[in-house]
Amino acid sequence: AGQPAAGQPAAGQPAAGPGADPGGAVSEATRLSSEPSLSSEPSSGGPRADGAEAARSALAELQEALVASGVSEAAPAEGGAEPSGAAALRALSRMKKSELVDECLSRGLLREGESPGTVAELRATLRVERKRDALIGELVERGFAASRARSALQATGWSLDAALAKLLE
């Protein structure tokens with residue numbers, strides 16, 4: 001008898017409005033946004049914002065140094081995209097036969113005037129080459145020269161673990 005009817009706010013509760021559900025309960029988001037912050041940092045900037053800005057600045061300097069030293073071909077685009085090589089690859093399933101042939105020619109997998117084969121064969125060949133490039137890229141990221149990484153992978157049948165062991169000998 002002392003409880004309000006369904007849909008009616010209880011005594012001392014505000015009527016339904018922004019942030020309230022039809023039953024009169026305040027939503028979690030509204031409750032949290034109205035509570036005072038427990039953080040000792042001011043809401044505008046503060047040490048956390050200064051640290052984020054310092055990190056962005058350091059990252060930009062590092063990317064410029066890598067490009068200048070020739071280790072990296074290009075700095076990633078804004079938004080953290082991968083460097084030019086990885087981002088430029090197009091899905092094999094979306095490529096037409098002429099595009100597949102062009103990529104095979106540029107990689108030295110086909111010679112000018114050589115019969116390219118079927119689209120399925122071209123895709124399979126490029127899929128293997130792209131996986132090999134990824135393996136080489138992993139070893140390069142670990143600090144090995146691309147030429148040494150490729151030769152170690154070739155000598156070990158393209159096994160990443162075996163190539164890594166060979167390079168560390």
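In which helix does Glu138 lie? Glu138 lies in helix α5, and with a relative accessible area of 34% this residue is partly exposed. Although Glu138 and Leu160 are 22 residues apart along the chain, their C-alpha atoms are separated by 8.6 Å.

## The chain as a whole

The protein chain contains 7 helices and 0 strands, so that its pattern, read along the sequence, is α-α-α-α-α-α-α. Of the 169 residues in the protein chain, 15% are buried, and the chain exposes about 12300 Å², of which carbon and sulfur atoms supply 54%. When contacts between residues at least 6 apart in sequence are considered, 20% of them join residues at least 24 apart.

The confidence of the prediction deserves attention before any detail is read. The mean pLDDT of the protein chain is 74, with 59% of its residues reaching 70 or more. Among the elements of the chain, helix α1, which covers residues 28-34, has the lowest mean pLDDT, at 48, whereas α6 has the highest, at 95. Over residues 24-43 the pLDDT stays under 50, and for this stretch the model has 11 contacts beyond four places in sequence. Residues 75-87 likewise have a pLDDT below 50, and that stretch has 8 contacts in the model beyond near neighbours in sequence.

## Helix α5 and its neighbours

Helix α5 runs over residues 119-141, and its 23 residues reach 32 Å from the first C-alpha to the last, which is close to the 33 Å expected at 1.5 Å a residue. The buried residues of this helix are Leu122, Leu126, Glu129, Arg130, Leu135, Ile136 and Leu139. An α-helix has 3.6 residues a turn, so residues three or four places apart point the same way. The buried residues of α5 pack against α4 (97-107), α6 (146-155) and α7 (160-168). Just after α5, Gly143 takes a positive phi of about 105 degrees.

Glu129 lies in helix α5 and counts as buried because its relative accessibility, 13%, is under 20%. Leaving aside residues up to four places away in sequence, Glu129 touches Arg107 and Leu109. Glu103 is found in helix α4, and at 13% relative accessibility Glu103 also counts as buried.

Gly117 is found in the loop between α4 and α5, where its relative accessibility of 23% makes it partly exposed. The C-alpha atoms of Gly117 and Lys97 are separated by 9.7 Å, while the two residues are 20 residues apart along the chain. Gly117 touches Lys97 as well as Leu122, when residues up to four places away in sequence are not counted.

The table gathers the accessibility of individual residues.

| Residue | Relative accessibility | Class |
|---|---|---|
| Glu103 | 13% | buried |
| Gly117 | 23% | partly exposed |
| Glu129 | 13% | buried |
| Glu138 | 34% | partly exposed |
| Trp158 | 18% | buried |

## The nonpolar cores

Which residues make up the largest nonpolar core? This core has 12 residues in all, namely Leu135, Ile136, Leu139, Phe144, Ala149, Ala152, Leu153, Trp158, Leu160, Ala163, Leu164 and Leu167. The elements that give two or more residues to this core are α5, α6 and α7, and the largest share, 4 residues, comes from α7. Within this core, Leu135 touches Leu153, Trp158 and Leu160, not counting residues up to four places away in sequence. A second, separate core has 8 residues, and among them are Leu92, Leu100, Val101 and Leu110.

Trp158, one of the residues of the largest core, is found in the loop between α6 and α7. Trp158 is buried, with a relative accessible area of 18%, and its phi is near 65 degrees, a positive value in a residue other than glycine.

Methods. Residues are numbered from 1 along each chain as its sequence is written. This is a predicted model: local features need pLDDT of at least 70, side-chain atom pairs count only at pLDDT 80 or more; totals for chains, interfaces and linings use all residues. Side-chain values use heavy atoms; hydrogens and water are left out. The expected span of a helix is 1.5 Å times one less than its number of residues. Buried means under 20% relative accessible area, exposed over 50%, partly exposed in between (1.4 Å probe, protein chains only). Contact means heavy atoms within 4.5 Å. pLDDT is the predictor's confidence in each residue, from 0 to 100. A nonpolar core is a set of buried Ala, Val, Leu, Ile, Met, Phe, Trp, Tyr and Cys residues joined through side-chain atoms within 4.5 Å. Accessible areas come from the Shrake-Rupley method with a 1.4 Å probe; for residues, only the protein chains shown count as cover.
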